[in-house]
Amino acid sequence: MAASMASCLLRAFRQVAPSSVPGQFRGYYVDWKMLRDLKRRNMAFEYAEERLRINSLRKNTILPKYLQEVADQEIAALPRDSCSVRIRNRCVMTSRPRGVKRRWRLSRIVFRHLADHGQLSGVQRAVW
């Protein structure tokens with residue numbers, strides 16, 4: 001049941017939107033980990049203001065303790081994925097979670113491969 005629902009979601013996200021330049025648009029996610037990260041990003045964006053308000057109450061030492069405890073309970077009641085700490089930067093081509101160049105959103109391996117073949121504008125190998 002859950003597997004069929006996940007495959008249905010993946011199929012829905014793999015529909016490629018029309019692009020003005022062919023080969024320049026990726027309309028699907030490489031694997032389920034990228035889809036999960038996207039859901040976390042959306043949820044973190046959705047709950048960001050509420051989390052900020054509750055955390056400011058929690059960390060305010062002027063307020064009485066019972067109000068801080070109520071704020072603790074409210075923050076614990078929020079969805080776990082709504083926390084921005086759970087977001088992971090991933091390579092857009094391979095979904096590799098480590099060694100990601102933030103500016104290009106590529107892993108170091110893919111970045112080097114594309115740079116070696118001159119496929120990244122403004123990037124060239126060091127020559128001395």
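# Chat about a predicted chain

Q: Is Glu46 buried or exposed?
A: Glu46 counts as exposed, because its relative accessibility is 59%. Exposed means over 50% relative accessible area, buried under 20%, and partly exposed in between, with a 1.4 Å probe and protein chains only.

Q: What sort of model is this, and how are residues numbered?
A: The model is predicted: local features need pLDDT of at least 70, side-chain atom pairs count only at pLDDT 80 or more, and totals for chains, interfaces and linings use all residues. Residues are numbered from 1 along each chain as its sequence is written, and side-chain values use heavy atoms, with hydrogens and water left out.

Q: Back to Glu46. Which helix does Glu46 lie in?
A: Helix α2. Helices are DSSP runs of H or I with at least four residues, strands are E runs of at least two, and both are numbered from the N terminus.

Q: How far is Glu46 from Ser82?
A: Their C-alpha atoms are separated by 7.7 Å. Along the chain, Glu46 and Ser82 are 36 residues apart.

Q: What is the order of elements from the N terminus?
A: The run is α-α-α-β-β-α. That comes to 4 helices and 2 strands.

Q: New topic. How many aromatic pairs turn up in the whole structure?
A: The search finds 1. The ring centres of Trp104 and Phe111 are 4.9 Å apart and the planes are at 50 degrees, so the pair is tilted.

Q: Which cut-offs apply to such a pair?
A: Rings of Phe, Tyr and Trp (its six-membered ring) pair if their centres lie within 6.5 Å. Planes under 30 degrees apart count as stacked, over 60 as edge-to-face, and the rest as tilted.

Q: What about burial of Phe111?
A: Phe111 has 14% relative accessibility, so Phe111 counts as buried. Trp104, at 30%, counts as partly exposed.

Q: Which ring does the charged end of Lys101 sit over?
A: The ring of Phe111, with the charged end 5.5 Å from the ring centre. The test is NZ of Lys or CZ of Arg within 6 Å of the ring centre and within 35 degrees of the ring normal.

Q: And for the chain as a whole, what share of residues is buried?
A: Buried residues make up 20% of the 128 residues.
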